[in-house]
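I have opened a new notebook page for this structure.

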Amino acid sequence: MIDAYSEDAPASQALFERASGIVPGGVNSPVRAFKSVGGTPRFMVRGEGPWLFDADGRRYVDLVCSWGPLIHGHAHPAVIDAVQQAAARGTSFGAPTPGEVELAEEIVARTAVEQVRLVNSGTEATMSAIRLARGFTGRTKIIKFAGCYHGHVDALLASAGSGVATLGIPDSPGVTGATASETIVLPYNDLAAVEQALTGESVAAIITEAAAGNMGVVAPLPGFNAGLAELAHRHGALFIMDEVMTGFRVSRSGWQGLEPVDADLWTFGKVMGGGLPAAAFGGRREVMQRLAPAGPVYQAGTLSGNPLACAAGLASLSLADDATYAKLDQTAATIAGLATDALAKEGVPHRLNTAGNMFSIFFTAGEVTNYDQAKQQRVEAFKAFFHSMLSQGVYLPPSAFEAWFVSTAIDDEALSRVAEAVGNAAKAAARA
Ligand SMILES: Cc1ncc(COP(=O)(O)O)c(C=O)c1O
Ligand SMILES: N[C@H](C=O)CCC(=O)O
């Protein structure tokens with residue numbers, strides 16, 4: 001039986017108050033703020049294996065994993081050792097390094113990309129990919145899907161998922177009307193809408209999350225991604241698969257390992273940085289060769305290919321073999337099963353959505369294949385479930401519109417903690 005933590009978290013609360021005076025909303029990325037679930041965001045001081053430790057000395061099974069990157073859990077010795085060794089050689093050189101070549105080779109070896117450029121964040125990767133697509137095609141318009149999130153790129157914020165969905169922000173002020181008018185937003189999983197849009201418009205690129213994870217998890221329906229590739233190419237547009245979330249998490253080569261699709265460009269982030277800031281975009285040689293200095297489309301970064309980030313990413317990918325993905329799949333299935341069994345027992349309407357080992361639970365009886373359906377869920381029920389899990393030492397994403405992530409570090413002790421917690425959490429959701 002778990003001794004539940006109290007709702008108050010005085011040390012986190014004090015830090016949150018200090019932060020709120022000097023940092024907008026007290027956080028450096030909106031989804032961390034607990035705004036849609038309420039309460040005090042927990043300030044974390046340490047991670048070890050499957051556990052996160054907060055400023056109040058509490059311990060949580062981590063089902064956020066830094067929003068995806070930490071497939072091996074926290075502070076894996078091989079990753080820490082690689083970072084320490086790299087740091088001892090110097091933190092940044094502003095010149096090419098062997099580590100960048102090795103990380104680029106590892107990405108090319110695992111995926112369908114022929115050439116790759118390293119950047120610092122998923123946002124930079126998607127921003128650069130759409131610039132390259134526009135430069136390559138000489139066209140401006142981009143098609144994206146409602147509920148998909150590709151980072152905070154102006155052109156891609158319309159009807160976005162993640163924090164934009166969590167906070168219910170329809171369109172961000174600061175994005176100019178001119179920029180917004182260059183983005184066509186369509187319903188996810190609706191090929192007919194794409195075909196219709198392409199008939200009337202000259203489009204540079206279609207961008208999609210390889211499997212949506214930022215409106216909660218919504219997998220592409222069979223044939224959706226392949227249909228997008230075919231339609232894009234038929235109409236002279238490029239097809240960009242955003243694998244920032246799925247890349248190297250759902251298989252050793254990402255979503256393309258589960259569903260090979262004929263894309264022109266791919267974006268990566270999260271896992272490939274091993275918990276440090278690293279991301280990438282890559283694709284067909286002919287397209288990538290348009291990038292400066294090989295070609296005229298400009299893209300750059302002072303810290304791109306940072307030696308510490310490359311070392312962490314390489315160490316993390318080196319550990320990521322078939323056994324890793326088998327364990328991630330099995331752990332995800334176990335935790336999803338524990339949660340859905342408990343909810344079913346309490347009669348709470350819910351829907352488990354999976355995409356490889358990414359999953360989330362929507363508190364609705366209806367199917368969820370697009371953003372409109374995702375928004376039908378009872379956020380109040382999620383909120384009650386979330387806070388009950390938190391008080392019992394399980395850290396879920398503080399939003400009903402985010403994926404749950406597992407790591408290979410989740411052991412029997414961590415699983416028992418989840419198994420004990422879900423019953424009470426389901427009861428709390430039933431009461432909400
Ligand atoms: C699919 C997808 N693309 C792009 C991004 C942006 O990445 P970052 O937060 O590193 O800028 C994210 C996550 O934030 C993501 O999940
Ligand atoms: N859903 C986002 C990325 O995948 C969450 C990370 C963030 O924006 O802070």
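I began with Leu265 and found that its bridge partner in β10 is Gly283. Strands here are DSSP runs of E of at least two residues, helices are runs of H or I of at least four residues, and both are numbered from the N terminus.

The model is predicted: local features need pLDDT of at least 70 and side-chain atom pairs pLDDT 80 or more, while totals for chains, interfaces and linings use all residues. Residues are numbered from 1 along each chain as its sequence is written, and chains are lettered from A and ligands numbered from 1 in the order in which they are written.

Next I followed the pairing of β9, where two strands pair if DSSP finds at least two bridges between them. Strand β8 (residues 238-243) runs parallel to β9, with 4 bridges. Strand β10 (residues 279-283) is antiparallel to β9 and is also joined to it by 4 bridges.

Which residues cover the two faces of β9 (residues 265-268)? I found Leu265 and Thr267 on one side and Trp266 and Phe268 on the other, all buried. A residue is buried if 20 or more other C-beta atoms, placed from the backbone, lie within 10 Å of its own, exposed if 12 or fewer, and partly exposed in between.

I moved on to the loop between β9 and β10, where Lys270 is found. The unreviewed UniProt entry places "modified residue: N6-(pyridoxal phosphate)lysine" at Lys270; such annotations may be inferred rather than shown by experiment. Why does Lys270 count as buried? It does so because it has 27 C-beta neighbours inside 10 Å. Beyond neighbours within four places in sequence, the contacts of Lys270 include Gly68, Gly122 and Met245, a contact being two C-beta atoms, placed from the backbone, within 7 Å.

I then looked up ligand 2. Its surroundings include Ser29, Trp67, Tyr149, Asn214, Met245 and Glu402, each with its C-beta atom, placed from the backbone, within 6 Å of the ligand. At least three residues of this shell come from each of domain 1 (10-63 + 322-431) and domain 2 (77-319); the bounds come from an automatic or database domain assignment.

Last, I examined the two domains. Their C-alpha centres lie 25 Å apart, and 27 residues of domain 1 are in contact with 29 residues of domain 2. On the side of domain 1 that touches domain 2, β12 gives the largest share, 4 residues.
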